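Trainee: I would like to go through this model with you, starting where the chains meet. Please show it first.

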Amino acid sequence: MISLGIEGTAHSIAIGIVENKDNACIVLSNMIKTFHPESGGIHPREAANHHAKYVADVIKDSMKKAEIDFKDIDLVSFSQGPGLGPCLRTAATAARTLSLQLEKPIMGVNHCVAHLEIGRGTIDSCDDPVLLYTSGANTQVIAFAEGKYRVFGETLDIGIGNCLDKFGRTIGLPFPSGPVIEKYAKNGRKYLPLPYSIKGMDIAFSGLLTAAQQYYKNGETVEDVCYSIQETTFAALTEVTERAMAQLEKKEVLLGGGVAANQRLRGMVEEMAKERDARCFAPRIDLCIDNGAMIAWLGLVMYQSGIRMMLEDTGIDQRFRTDMVDVSWR
Amino acid sequence: MNDEKLIYQGAEAKIILSTFLSKTVVKKHRIKKTYRIKEIDEVLISSRTKEEAKLIHLARKQGVCVPSLFDVDLTNGIITMSYIKGDRVKDIFDTIDKKKRKELCIMIGKNIARLHNKDLIHGDITTSNMILSDNKVFFIDFGLGEINHELESKGVDLHVLMEAMESTHSKNANDFEYVLEGYEKEYHGDIKRVKKKIEDIVKRGRYR
């Protein structure tokens, strides 16, 4: 079975095409077009306009890369939420159009669950992980328990990526700032104490962000501030992940989301896993960031478990929570 | 010192059965985390150890049964405290008779209220963190606790227990109302606001 997935929850419009081979996910193509604002953050409507402008091209590119014909597609899948309303509506409209045009079934999927399922689908030995999902807007610790994917810990204010981007803007970096901050951090030597805010299994970053901005304004070097931000936030993320693993007695941890590209975060989680005798997995980068392949794959998994969706069920949900999904495929 | 025995290993700490001045004691040893830099790790371990010891001490002053503190080692992150011999409430909750369970719930509620009257938030009130000894309920593991005057944190504190009872003692989860009954008897503030807060938290439907 071949599934085409349309991702459009935030800054990227992405089309992925995947195939199921013995319950493993084969990625045929995974094309991503990201909206880069001229200045400031992501404006939802501007991002949606960007998606509307490019979605057809990205579909064509992705089809070409996959070397398949439209008639080979068995399912059209799209990100139904959570995300920015205008962006979600654009992706959903594209999906409905394609589904009607090709006369193929449609499937709306939960973006956060897709991040987890693509790990299980593409990594052979990854079976029942705790997912540390770190992106711009989302920062969650997700795992399967009692029939659902549940959120065991999450940010109480802003996502970690958002925190990095906001600090990036303070020092004049364009979106996304994470990779540049990572480079600066490598040359940081002095640790500047920052608030380490964990409440049970939840986590908060806004206080830390303000404190980091103050350090910068008071003349501390960019390198030291970036180093301190990374060390503090990533340690806190690793700690809540470990707590979830201990509580649920899970022996696998999976990374997902754009911030999972950061080598320091990966290193910390790997180290934690090693200490607990657990295994750490990270999908390749294009499957970590927001992408169409993961949407295509989750749609396919859901479809094969017997779930069907009518056109009238394809309304988007900006606040689509992870634990609202009935997981009938596990 | 030679006969130390690991009885539980959590994400953050090891719980070790040991002896101290020829008494049987429990040591809670916070483990160094190699994934975080020394500057962060040392501060966290010592401040959390200190905070937990402080909460245990303040809880005792409120007349809540807690382990006795024997030693607090901030450098190594070790709290040495008395070993409470008894049954975990988790293990006996569903087996005792109805009347006894009601009494137990009322007693639990009264104790939580005594903590909350002084803004002491336990942070992880579950039946695994209570020991029934000599007909008294001992509260253990203040590791996630804090001092907080906000109604929100009291509501969350009670809500954690409510959820724990629903998942672990689903047959008798309704007995949570007796916890609130006991709470009401001791709580100095407005019980209606606490109940309303719990309802609000349930509506958020996020915690579990």
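Trainee: How many residue pairs are in polar contact between chain B and chain A?

Mentor: This is a predicted model, so local features need pLDDT of at least 70 and side-chain atom pairs count only at pLDDT 80 or more, while totals for chains, interfaces and linings use all residues. Residues are numbered from 1 along each chain as its sequence is written, chains are lettered from A and ligands numbered from 1 in the order written, and side-chain values use heavy atoms, without hydrogens and water. A polar contact is a pair of N or O atoms within 3.5 Å; within protein, one must be able to donate a hydrogen and the other to accept it, and residues adjacent in sequence count only if both atoms are side-chain atoms. With both residues at pLDDT 80 or more, the count between chain B and chain A is 7 residue pairs.

Trainee: Which element of chain B gives the most to the side that touches chain A?

Mentor: Contact means heavy atoms within 4.5 Å. It takes 27 residues from chain A and 18 residues from chain B. Helices (H or I, at least four residues) and strands (E, at least two) are DSSP runs, numbered from the N terminus. With 4 residues, the top contributor on the chain B side is helix H1 (residues 38-61).

Trainee: Which residue of chain A forms a salt bridge with B:Lys33?

Mentor: A salt bridge is a side-chain nitrogen of Lys or Arg within 4 Å of a carboxyl oxygen of Asp or Glu. Chain B and chain A have 4 salt bridges between them. In the one made by B:Lys33, the closest N and O atoms are 3.1 Å apart, and the partner is A:Glu242.

Trainee: What area do chain B and chain A bury between them?

Mentor: Buried area is the accessible area (1.4 Å probe) that two parts lose on being put together, summed over both. Here 51% of it is on carbon and sulfur atoms, and the total is about 1900 Å².

Trainee: Which strands stand at the edges of the 5-strand sheet in chain A?

Mentor: Two strands pair if DSSP finds at least two bridges between them. This open sheet has mixed pairing and the order S8-S7-S6-S11-S12. Each edge strand has a single partner, so one side of each is left without a neighbour in the sheet: they are S8 (148-154) and S12 (279-281).

Trainee: What angle does the direction of helix H7 of chain A make with that of S6(A)?

Mentor: Axes are lines fitted to C-alpha atoms, for helices over the stretch in contact, and angles run from 0 to 180 degrees between N-to-C directions. Helix H7 (residues 222-248) packs on the sheet and touches S6, S7, S8 and S11 of chain A. Its angle with S6(A) is about 160 degrees.

Trainee: Where is A:Pro82 found?

Mentor: A cis peptide bond joins A:Gly81 and A:Pro82, with omega about -5 degrees. A:Pro82 is in the loop between strand S4 (75-81) and helix H2 (85-102) of chain A.
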